[in-house]
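Hello,

Here is the structure I promised to pass on to you. Please open it next to this message, and my notes on what turned up follow below.

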Amino acid sequence: MIKLINKFFFILTLIIILTIAYLSFFGIKTNKFNDIILLNILKINKDIDLSLNDVNYLLNPLKLSIKISTKNPKILISDSNLDIKNIKTEASLISLIKGDFFIDDLNISTREINIKDAISFAKLFQNSPQLFLLDNIIRDGKLSADIFLNFDPKKKKIKDNYKIIGFVKKTELNFFNQYKAKDLSFAFNVIKDEYLLTNIETNFNEIKYVSELIEVKKKNHSFLVKGNVINNVENHDFQNIKWLIGDFLNNLDIKDLRFGSKNDFSFIIDKKFKFLDLKLDTSLDIDNIIINKKLSSLQNYFPNYTNQIKLEKHKIKIKFSKNKLDIKGAGDLILNNSADKLTYKIIKKDDQLL
């Protein structure tokens with residue numbers, strides 16, 4: 001009799017161990033708890049329309065919890081359908097059995113989706129000035145992302161320790177109809193009040209730029225933006241770089257401009273979305289530039305001056321901050337087909353040349 005009881009308990013223990021192992025490695029698929037999950041999502045935001053397929057439940061025996069995941073769910077926002085790869089969360093085993101658990105973390109992995117739809121989705125959880133700004137400057141584009149959210153069960157809102165990582169491609173931006181970026185692609189890492197952009201490529205105001213890193217950090221009620229930008233030597237229209245130097249060279253007719261540059265920059269965007277405190281440190285390689293300008297002072301020294309100046313192979317350092325522009329450079333100056341070495345320094349503060 002004792003042997004039979006021992007055998008029974010041995011078989012029962014083996015079944016329990018195998019069941020736990022199976023549930024830990026393979027889990028089970030069921031839609032039994034879908035209504036409970038949907039109810040929890042509605043507690044977070046009642047405007048979310050979520051459609052679930054069979055949900056997979058994977059046991060975590062060490063934590064007495066269940067890892068919950070579903071593939072290809074549908075999230076409907078207005079007339080848009082977000083293409084979601086999967087949604088994952090974790091719940092207490094006991095609370096799930098009782099049917100009284102609350103989702104306190106959520107991991108959403110998207111496929112390639114429209115950025116405008118992603119912003120609309122983010123607004124459901126936390127509407128912010130940053131999202132308002134993005135919604136106004138973005139015209140088109142796609143992104144894919146992994147979104148990690150943690151919820152406060154009492155306040156029923158997202159905690160500040162959220163994280164979003166992903167990739168944006170072929171995006172078009174328009175900054176107040178003055179600065180336009182096309183074919184913008186980059187990787188991003190977002191946490192509270194801090195945005196990290198890497199591997200950036202874009203066509204900004206018709207000039208192709210690349211950047212290793214751009215950081216955006218919230219500072220009081222404003223945002224500090226800093227980073228670096230590089231462009232290779234190409235033929236450019238001078239009108240497309242005037243945003244960098246303002247009206248300083250506005251009265252010059254500049255042609256055949258071929259240059260490359262390395263730029264470190266920083267500026268502040270205030271709560272009214274104005275650009276303030278621009279700082280720029282640029283290394284400029286001018287391969288060629290032709291300046292058409294009638295300069296009587298040069299005609300006094302060069303009688304055959306034809307109102308045209310040509311610069312070649314110039315290395316220039318430019319620093320700009322607080323309305324002060326500092327330019328130092330050297331290269332070949334060509335007047336009337338005669339070349340001379342030229343070094344120069346120009347300092348402009350407010351409207352005065354120093």
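A word on confidence comes first: pLDDT is the predictor's confidence in each residue, on a scale from 0 to 100. You will want that in mind, as this is a predicted model. The chain has a mean pLDDT of 76, and 71% of its residues reach 70 or more. Confidence is highest in strand S13 (residues 194-204), with a mean of 88, and lowest in helix H6 (residues 242-245), where the mean is 54. Where pLDDT is low, the predicted coordinates should not be read in detail.

**Strands around S9**

I would begin with strand S9, residues 138-152. Strand S7 (residues 105-110) pairs with S9 in the antiparallel sense, over 5 bridges. Leucine 106 has leucine 149 of S9 as its bridge partner. Strand S8 (residues 113-114) also runs antiparallel to S9, and 2 bridges join them; here asparagine 114 is partnered by lysine 142 in S9.

S9 pairs with S11 as well, antiparallel and over 9 bridges. If you want a place to look, alanine 145 has glycine 166 in S11 as its bridge partner. Strand S10 (residues 157-158) is joined to S9 by 2 bridges, again antiparallel, and aspartate 152 stands opposite lysine 157 of S10.

**Two residues in S11**

Strand S11 covers residues 163-175, and lysine 170 is in it. The phi of lysine 170 is near 50°, a positive value in a residue that is not glycine. Is lysine 170 buried or exposed? Its relative accessible area is 56%, and exposed means over 50%, so lysine 170 counts as exposed.

The C-alpha atoms of valine 168 and glycine 141 are separated by 7.3 Å, although the two residues are 27 apart along the chain.

S13, where confidence is highest, is joined to S14 by 10 bridges, and the two strands run antiparallel. One of the bridge partners to check is lysine 217 in S14, which faces glutamate 194. S13 and S14 form a hairpin with 2 residues between them, and asparagine 205 in the turn has a positive phi of about 50°.

Another asparagine with a positive phi is asparagine 220, at a value near 60°. Where is asparagine 220 placed? Asparagine 220 is in the loop between strand S14 (207-219) and strand S15 (222-236). Asparagine 220 has a relative accessible area of 68%, over the 50% limit, so it is exposed.

**Aromatic pairs**

How many aromatic pairs does a search of the whole structure find? The search gives 2 aromatic pairs. Phenylalanine 186 and phenylalanine 188 make an edge-to-face pair, with 6.4 Å from centre to centre and 65° between the planes. Both of these residues, phenylalanine 186 and phenylalanine 188, are buried.

Phenylalanine 265 and phenylalanine 267 form a stacked pair, at 6.0 Å centre to centre and 20° between the planes. Phenylalanine 265 has a relative accessible area of 15%, which is under 20%, so this residue is buried. Phenylalanine 267, at 15% relative accessibility, is under that limit and therefore buried.

**Cavities**

What is the lining of the largest cavity made of, in terms of nonpolar, polar and charged residues? Its residues divide into 9 nonpolar, 3 polar and 1 charged.

Enjoy looking through it, and do write back with any questions.

Best wishes

Notes: Residues are numbered from 1 along each chain as its sequence is written. This is a predicted model: local features need pLDDT of at least 70, side-chain atom pairs count only at pLDDT 80 or more; totals for chains, interfaces and linings use all residues. Side-chain values use heavy atoms; hydrogens and water are left out. Rings of Phe, Tyr and Trp (its six-membered ring) pair if their centres lie within 6.5 Å; planes under 30 degrees apart count as stacked, over 60 as edge-to-face and the rest as tilted. Buried means under 20% relative accessible area, exposed over 50%, partly exposed in between (1.4 Å probe, protein chains only). Ala, Val, Leu, Ile, Met, Phe, Trp, Tyr, Cys and Pro count as nonpolar, Asp, Glu, Lys and Arg as charged, and the others, Gly among them, as polar. Helices (H or I, at least four residues) and strands (E, at least two) are DSSP runs, numbered from the N terminus. Two strands pair if DSSP finds at least two bridges between them.
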